[in-house]
Amino acid sequence: MKKRKLGQQGLEVSQLGLGCMGMSEFYSGRDEQEAITTIHRALELGLNFLDTADMYGPFTNEKLVGRAIKDRRDSVILATKFGNVRTEDGGWKGVCGTPEYVHEACDASLQRLGVDVIDLYYQHRVDPNVPIEDTVGAMAELVQQGKVRYLGLSEAAPSTIRRANAVHPISALQTEYSLWSRDPEDEILPTVRELGIGFVPYSPLGRGFLSGAIASPDDLAADDYRRNAPRFQGENFHKNLELVEKVKAIANAKGVTPSQLALAWLLAQGEDIVPIPGTKRRTYLEENIAATEINLTQEDLSQIEAVAPKGTAAGDRYSDMSTVNR
């Protein structure tokens with residue numbers, strides 16, 4: 001698999017990453033052995049960029065990833081995140097970016113992952129009560145201590161990104177970006193490109209919606225968190241389904257799956273973009289990786305643009321948008 005650079009500090013990863021969140025929480029169904037086998041298969045196929053966070057599980061996803069890479073650490077670029085504070089029983093305590101917490105969270109993640117250093121350490125959400133300079137200053141200390149190699153932010157606003165980068169070089173920004181979440185194109189992508197920061201789209205398949213496999217909200221299990229997402233509810237769902245059908249028609253004509261078309265479109269948006277589709281099964285992993293071999297012509301891109309322009313998706317990304325883009 002081809003590599004792409006994130007930032008200007010030397011971080012290079014496979015052009016597609018693997019989001020590990022769903023292996024432990026939020027989506028229904030858990031199969032730890034299949035999840036670990038999926039991670040191993042990703043590494044076999046040249047995908048070396050794994051994404052986790054302390055809050056996933058909570059805390060259990062890092063342990064799972066740690067077990068999966070225990071005997072193959074040198075083959076992995078490991079990314080994890082801090083800032084969304086949860087309790088052991090799954091409760092939410094809010095967002096924290098204090099310097100003290102940054103150090104505590106990093107030490108805990110290193111222990112759970114069973115590694116000596118984290119390759120890419122993100123602030124998962126920006127704490128509005130702590131100056132970003134203080135948070136990134138503490139993250140920079142982790143680099144100086146050898147616990148972290150590169151720094152990242154997630155869902156940060158352009159002004160926040162600039163202030164953070166002035167304290168210590170930021171290598172990657174992780175924000176939702178897909179055919180139905182194109183807001184980053186307005187200000188965020190121009191900002192990170194000006195600063196030489198790589199861009200890591202999460203939910204590149206619209207939380208599975210763009211796969212075309214979800215025809216009704218009833219297709220989601222009762223404990224699936226997407227049931228509470230505005231885009232999966234009521235009239236929004238049906239309007240978004242119309243978008244998916246148009247994407248599916250283009251994919252069928254090209255002989256690929258809707259998921260592959262959506263990922264190929266993202267990869268075509270720039271060499272500084274590394275999507276991290278999440279899956280917990282080898283079959284979907286292999287389907288996603290095959291998207292890296294798809295070449296979209298200008299005609300293909302124009303057709304996609306015609307059916308999925310900015311602002312097409314109905315409904316907000318989250319029921320509470322107050323923690324993103326700040």
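1. A pocket, as the word is used here, is an open set of grid points with protein on both sides within 12 Å along at least five of seven lines, and its lining residues have an atom within 4 Å of a point. The model discussed in this note is predicted. Its second largest pocket is lined by 15 residues. Lys 2, Gln 15, Thr 292, Ile 294 and Asn 295 are the lining residues nearest the centre of this pocket.

2. The elements giving two or more residues to that lining are strand S1 (3-6) and helix H8 (258-267). The volume of the second largest pocket is about 270 Å³. Rolling a probe the size of a water molecule over the atoms is what shows where empty space is left.

3. The next matter is the interior. In soluble globular proteins, nonpolar side chains tend to be buried together. The largest nonpolar core of this model holds 82 residues. The members that touch the most other members are Leu 18, Ile 39, Leu 50, Ile 69, Leu 153 and Leu 173. Helix H7 (residues 234-254) supplies the largest share of this core, 7 residues. Another core, of 14 residues, lies apart from it and includes Ala 79, Tyr 122, Val 200 and Tyr 202.

4. Which residues does Leu 50 contact, leaving aside its neighbours within four places in sequence? They are Leu 18, Cys 20, Ile 39, Val 65, Ile 69, Val 76, Ile 77, Leu 78 and Ala 79. Because its relative accessibility is 1%, Val 65 counts as buried, the cut-off being under 20%. Val 65 touches Cys 20, Ile 39, Leu 50, Thr 52, Leu 78 and Leu 113, not counting residues up to four places away in sequence. The C-alpha atoms of Val 65 and Ile 36 are separated by 7.4 Å, although these residues are 29 residues apart along the chain.

5. An α-helix has 3.6 residues a turn, so residues three or four places apart point the same way. After H7 comes Gly 255, with a positive phi near 75°.

6. Several points concern the backbone in loops. The peptide bond from Gly 57 to Pro 58 is cis, with omega near -5°. Pro 58 lies in the loop between strand S4 (49-51) and H2. Glu 155 has a positive phi, near 55°, in a residue other than glycine. Its place is the loop between strand S9 (148-154) and helix H5 (158-167). With a relative accessible area of 1%, Glu 155 is buried.

7. Asn 325 also has a positive phi, of about 55°, although it is not a glycine. This residue is in the segment after H10. Asn 325 is partly exposed, since its relative accessible area is 42% and the class runs between 20% and 50%.

8. Leaving aside neighbours within four places in sequence, Ser 178 is in contact with Ser 203, Pro 204, Gly 206, Leu 210 and Trp 265.

9. Asp 116 lies in the loop between helix H3 (99-113) and strand S8 (118-123), and it is exposed, with a relative accessible area of 71%. Beyond its neighbours within four places in sequence, Asp 116 is in contact with Leu 110, Gly 146 and Lys 147. Asp 116 and Ile 39 are 20 Å apart in space, C-alpha to C-alpha. Ser 75 lies in the loop between H2 and strand S5 (77-82) and counts as partly exposed, at 41% relative accessibility. Leaving aside neighbours within four places in sequence, Ser 75 is in contact with Leu 43 and Asn 48. Ser 75 and Gly 46 are 29 residues apart in sequence and 9.0 Å apart in space, C-alpha to C-alpha.

Notes. Residues are numbered from 1 along each chain as its sequence is written. This is a predicted model: local features need pLDDT of at least 70, side-chain atom pairs count only at pLDDT 80 or more; totals for chains, interfaces and linings use all residues. Side-chain values use heavy atoms; hydrogens and water are left out. On a 1 Å grid over the protein atoms alone, a cavity is a set of points where a 1.4 Å probe fits but cannot get out, and a pocket is an open set with protein on both sides within 12 Å along at least five of seven lines; lining residues have an atom within 4 Å of a point. Grid points are joined across faces, edges and corners, and a volume is the space filled by probe spheres set on the points. Helices (H or I, at least four residues) and strands (E, at least two) are DSSP runs, numbered from the N terminus. A nonpolar core is a set of buried Ala, Val, Leu, Ile, Met, Phe, Trp, Tyr and Cys residues joined through side-chain atoms within 4.5 Å. Buried means under 20% relative accessible area, exposed over 50%, partly exposed in between (1.4 Å probe, protein chains only). Contact means heavy atoms within 4.5 Å.
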